[in-house]
Amino acid sequence: MKRVLAIILGGGKGSRLYPLTKMRAKPAVPLAGKYRLIDIPISNCINSGIEKMYVLTQFNSASLNRHIGRTYNLNGPFGQGFVEVLAAQQTPDSPKWFEGTADAVRKYQWLFQEWDVDEYLILSGDQLYRMDYSLFVQHHRDNDADLTVAALPVDEAQAEGFGLMRTDDLGNIKEFSEKPTGENLKAMAVDTSKFGLSKESAAEKPYLASMGIYVFSRNTLFDLLNKFPNYTDFGKDIIPEALNRGDTLKSYVFDDYWEDIGTIGAFFESNLALTEQPKPPFSFYDEKFPIYTRPRFLPPSKLVDAQITDSIVCEGTILKSCSILHCVLGVRSRIESDSVLEDTLVMGADFFESPEERIKLRKGGGTPLGVGEGTTVKRAILDKNTRIGDNVVIINKDRVEEADKPELGFYIRNGIVVVVKNATIANGTVI
């Protein structure tokens, strides 16, 4: 895998994940209490033996830079591994920002071409899955393909939201259609049992959806980018053009857990699904294929007469006489006595407050970090460093689906209350 360069696409403004992307790039959004979204593709690369990675982003990249700099040092005395963030920039030759996935790669192709590699692995920075990319790349090489697309078997309801591939029984891509419906959708059905699915599973999932993960042979990638300078997106533009001109396109079927967590609803459900027992749909516990993140050297969590059910509690957390049901509590979370949290994602804090600081804050009319006494929170996301006062109720009492209340420190998306980073919710507030 030393002949492979990975390019991780950080996405645009992340408007579907707003307000979690208000102060950070989408790949830097916290995940599962202690990780970041970007840790998923980077860990997959490291575990697959791919150690040269660029991350392309153009919005709020400061926290992403900080996280990667603190976490991933792959450049040992005899290696040349690295993880580097490339932010969008305006130049005389390229006065615009990134205009799509293909355009982002095109704008930095001068740098990517400098590397003596045979394949370019294009990845997304906002997906949750575990994949051995070395098998993906080897499949590409074994079939002497120009481009190989990772394919996820999906049912009809899911299929309308993806770019779909119609393949022959050998996995050769014959047609690519972006989000087809009706008869056009039915025409894209294939026999997925040919790719290892059981007959029952194949009947349920007769469509192959593009995961937005590609392996390009070197010459193919740059030839397509240079000959079609107006093509800005891989799925909508580059792949159909590669098909039209007769390039060899292969599918690589991935029949395992994969979740695009680009919306607040999907992000929320994916995080809480990690608490399922005895076997969650995705687990971070895999000794052979671990997910890496920044080591923080935090003290163990402290639980004082707390009741916890089906939840994840990260290190540095302090829980006092509270009830936690089906929640994910991030690092340095603090929940005070008589509070109840249910179906809630708490992202934790970036720092501790000492007992003296907390007492001083209260005396001055302020609100300490964490969740105060007698507070109830249900079906919500509390972003980093939030300060929730005493006797607060966050339950979306009016059952609102969408609302913007930035002046009050929260938004509602998909019926989920999202309290923004660094926000303070005053004592006795009811949301």
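## Close-up views of a predicted model

**View 1. Strand β27 and its side chains.** In strand β27, which covers residues 416–419, the side chains of I416 and V418 point one way while those of V417 and V419 point the other way, and all of them are buried.

**View 2. The hairpin of β26 and β27.** Strand β26, made of residues 410–413, pairs with β27 in the antiparallel sense, and the pairing extends over four bridges. Within this pairing, Y411 stands opposite V418 of β27. The hairpin that these two strands form has two residues between the strands, and N414 takes a positive phi near 55 degrees there.

**View 3. Strand β22 beside β27.** Strand β22, which covers residues 376–382, pairs with β27 in the parallel sense over three bridges. Two of the facing residues can be picked out by name: A380 stands opposite V417 in β27, and I381 has V418 as its bridge partner in β27.

**View 4. Strand β22 with β20 and β24.** Strand β20, residues 340–346, runs parallel to β22 and is joined to it by six bridges, with V340 standing opposite T376 in β22. Strand β24, residues 393–394, also runs parallel to β22, and two bridges join this pair. Here V377 stands opposite I394 in β24.

**View 5. The packing of helices α9 and α10.** Helix α9, residues 218–227, packs with helix α10, residues 234–244, at an angle of about 110 degrees, and their axes are 11 Å apart. The two helices are therefore roughly perpendicular to each other. On the α9 side of the contact are L221, L224 and L225, which meet F234, I238, E241 and A242 in α10. Sorted by class, this contact has six nonpolar residues, no polar residues and one charged residue.

**View 6. Helix α11 within the structure.** Helix α11 spans residues 264–273, and nine of its 10 residues are buried, so the helix is largely enclosed by the rest of the structure.

View 7. When its neighbours within four places in sequence are left aside, R358 is in contact with R334, E336, E353, P368 and L369.

**View 8. Cysteines without disulfides.** A disulfide is a covalent bond between the sulfur atoms of two cysteines. A search of the whole structure finds zero disulfides. For C322, the closest cysteine sulfur belongs to C327 and is 9.5 Å away, which is too far for a bond. C322 counts as buried, at 4% relative accessibility, and C45 is also buried, with a relative accessible area of 0%.

Definitions and conventions:
Residues are numbered from 1 along each chain as its sequence is written. This is a predicted model: local features need pLDDT of at least 70, side-chain atom pairs count only at pLDDT 80 or more; totals for chains, interfaces and linings use all residues. Side-chain values use heavy atoms; hydrogens and water are left out. Buried means under 20% relative accessible area, exposed over 50%, partly exposed in between (1.4 Å probe, protein chains only). Two strands pair if DSSP finds at least two bridges between them. Axes are lines fitted to C-alpha atoms, for helices over the stretch in contact, and angles run from 0 to 180 degrees between N-to-C directions. Angles under 35 degrees count as roughly parallel, over 145 as roughly antiparallel, 65 to 115 as roughly perpendicular and the rest as oblique. Contact means heavy atoms within 4.5 Å. Ala, Val, Leu, Ile, Met, Phe, Trp, Tyr, Cys and Pro count as nonpolar, Asp, Glu, Lys and Arg as charged, and the others, Gly among them, as polar. A disulfide is a pair of cysteine sulfur atoms within 2.5 Å.
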